[in-house]
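Have the structure open as you read.

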Amino acid sequence: MKTIILTGGGTAGHVTPNIALLPKLRELGYDIHYIGSYNGIEKGLIEAQGIKYYGIDSGKLRRYRDIKNLTDPGHVIHGYAEARKLMRQIKPDIVFSKGGYVAVPVVMAAARYRIPTIIHESDLTPGLANKLCFNVASKICCNFPETMKYLPENKRVLTGCPIRAELMQGNADTARRKLGFDTKKPVIMVIGGSLGSVAVNGIVRQSLPRLLKKYQVLHICGRGNVDESLNGLKGYRQFAYVNEDLKDFFALADVVISRAGANAICEILALHKPNILIPLGGTASRGDQLLNAKSFQRQGFSEVLTEDTVTEAVLCDTIDEVYKERADWAFRMEASQLDTGVSNIIHLIKKGSKLLEET
């Protein structure tokens with residue numbers, strides 16, 4: 001039996017691609033272990049999968065001035081020592097990292113013992129945590145063709161993103177019954193992210209009088225963002241968060257409106273859903289969503305609107321256009337080679353120690 005350590009944490013986006021690999025890894029008989037932070041979001045998500053979980057110390061790597069920059073290096077060093085101990089204890093054949101600050105000491109510790117490591121970069125431009133691991137990684141996977149130029153030539157692999165298989169198994173009729181929607185109007189699904197988006201939620205709700213004349217709207221607005229005054233509005237259903245029902249909701253949706261986080265848009269791509277992206281602006285992030293969205297727009301997978309210029313009229317007109325041309329959008333996404341992330345990454349994992357010989 002071969003042994004693998006998975007790592008990654010800090011946000012759900014650093015965990016769900018690891019979860020997507022679990023069914024195939026189990027099928028292949030791997031002994032699976034996970035290293036994350038003591039109490040990060042990854043702990044609950046992974047333990048719910050029945051995987052052996054180990055917490056280590058984790059400091060945040062910042063590009064800006066903060067008093068914690070004085071103490072966090074100590075946490076990183078301590079985490080590295082803990083990760084080395086776990087490498088000796090678990091003796092993995094390979095390590096797969098989805099990134100995040102907790103993954104840095106894990107990848108460094110694996111390299112110290114000549115354990116092959118594969119890291120995956122979701123966004124178009126690499127984040128700092130993954131950059132720190134480039135020199136010691138055996139292979140570096142990515143989602144976007146444009147990312148390849150930022151990666152070492154002898155290590156880069158365009159794999160796409162691992163997508164959870166259950167998302168492909170949704171039932172539109174099940175979702176329609178749960179939502180109380182009819183078959184007469186198409187369904188627009190709005191996803192604002194796990195924390196929601198004030199900008200996206202606001203413009204969608206402002207547009208409801210016009211939208212509901214043609215469409216039914218399924219709105220996942222984020223925790224704390226449900227507008228109780230809209231409950232009972234015919235053709236409109238809102239949820240703070242969706243988990244088990246997500247696959248069915250996706251199956252029902254004719255057009256998806258979403259932020260442009262890498263994992264979210266790769267799921268939309270894999271499901272071949274015509275979509276409109278409203279990325280998080282550069283003033284509120286390092287600009288990765290803007291770059292992700294532009295890449296998908298260039299490849300013909302998404303229509304893109306900016307949150308500072310979108311109006312009710314622009315949103316509604318764009319929805320009409322995307323819905324009208326939905327078959328063309330779906331055709332281009334079906335032709336993509338970026339929706340086979342699980343099989344591409346599993347192929348690399350199965351190579352194991354041979355990866356060390358290739359770099």
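## What counts as buried

A residue is called buried when its relative accessible area is under 20%. Keep in mind that what you're looking at is a predicted model.

Take tyrosine 53: its relative accessibility is 15%, so tyrosine 53 counts as buried. You'll find tyrosine 53 in strand S3, which spans residues 52–56.

## Around tyrosine 53

What does tyrosine 53 touch, once neighbours within four places in sequence are left aside? The contacts are Tyr34, Gly36, Ser37, Glu42, Lys43, Ile46 and Glu47. With serine 37 there's a polar pairing: a polar atom of the tyrosine 53 side chain sits 2.6 Å from the backbone oxygen of serine 37.

In sequence, tyrosine 53 and isoleucine 35 are 18 residues apart, yet their C-alpha atoms are 6.0 Å apart in space.

In soluble globular proteins, nonpolar side chains tend to be buried together. Here, the largest nonpolar core has 35 residues, and Val217, Ile257, Leu315 and Ile319 have the most contacts inside it. At least two residues of this core come from each of strands S8 (187–191), S11 (255–258) and S12 (275–277), and from each of helices H7 (198–211), H9 (262–270), H10 (288–298), H11 (312–324) and H12 (326–334). The biggest giver is H7, with 5 residues.

Apart from that core lies another one, of 24 residues, and tyrosine 53 is among them, along with Leu6, Ala20 and Ile32.

Not counting residues up to four places away in sequence, valine 217 touches Phe181, Ile188, Val190, Val204, Leu208, Leu211, Leu212, Gly235, Tyr236 and Arg237.

## Alanine 262 in helix H9

Helix H9 includes alanine 262. Is alanine 262 buried or exposed? With a relative accessible area of 6%, alanine 262 is buried.

Beyond its neighbours within four places in sequence, alanine 262 is in contact with Ser122, Asp123, Asn143 and Asn292. Leucine 124 is 138 residues away from alanine 262 in sequence, while the C-alpha to C-alpha distance is 8.2 Å.

How many disulfides does a search of the whole structure find? The count is 0. For a pair to qualify, the two cysteine sulfur atoms have to be within 2.5 Å.

Cysteine 142 doesn't get there, because the closest cysteine sulfur, in cysteine 141, is 7.6 Å from its own, too far for a bond.

## Ends and sides of helices

Just after H6 comes glycine 180, with a positive phi of about 75 degrees.

Helix H13 covers residues 341–351, and its buried residues are Gly341, Val342, Ile345, Ile346, Leu348 and Ile349. Their arc around the axis is only 160 degrees, so they sit on the same side of H13. Glycine 352 follows H13, and its phi is positive, near 55 degrees.

Definitions and conventions. Residues numbered from 1 in each chain as written. Predicted model: local features only at pLDDT ≥ 70, side-chain atom pairs only at ≥ 80, totals over all residues. Heavy atoms only, no water. Helix = DSSP H or I, 4+ residues; strand = E, 2+ residues; numbered from the N terminus. Core = buried A, V, L, I, M, F, W, Y, C linked by side-chain atoms within 4.5 Å. Buried < 20%, exposed > 50% of the residue type's maximum accessible area, 1.4 Å probe, protein only. Contact = heavy atoms within 4.5 Å. Polar contact = N/O pair within 3.5 Å; in protein donor to acceptor, adjacent residues only side chain to side chain. Arc of directions from axis to C-beta.
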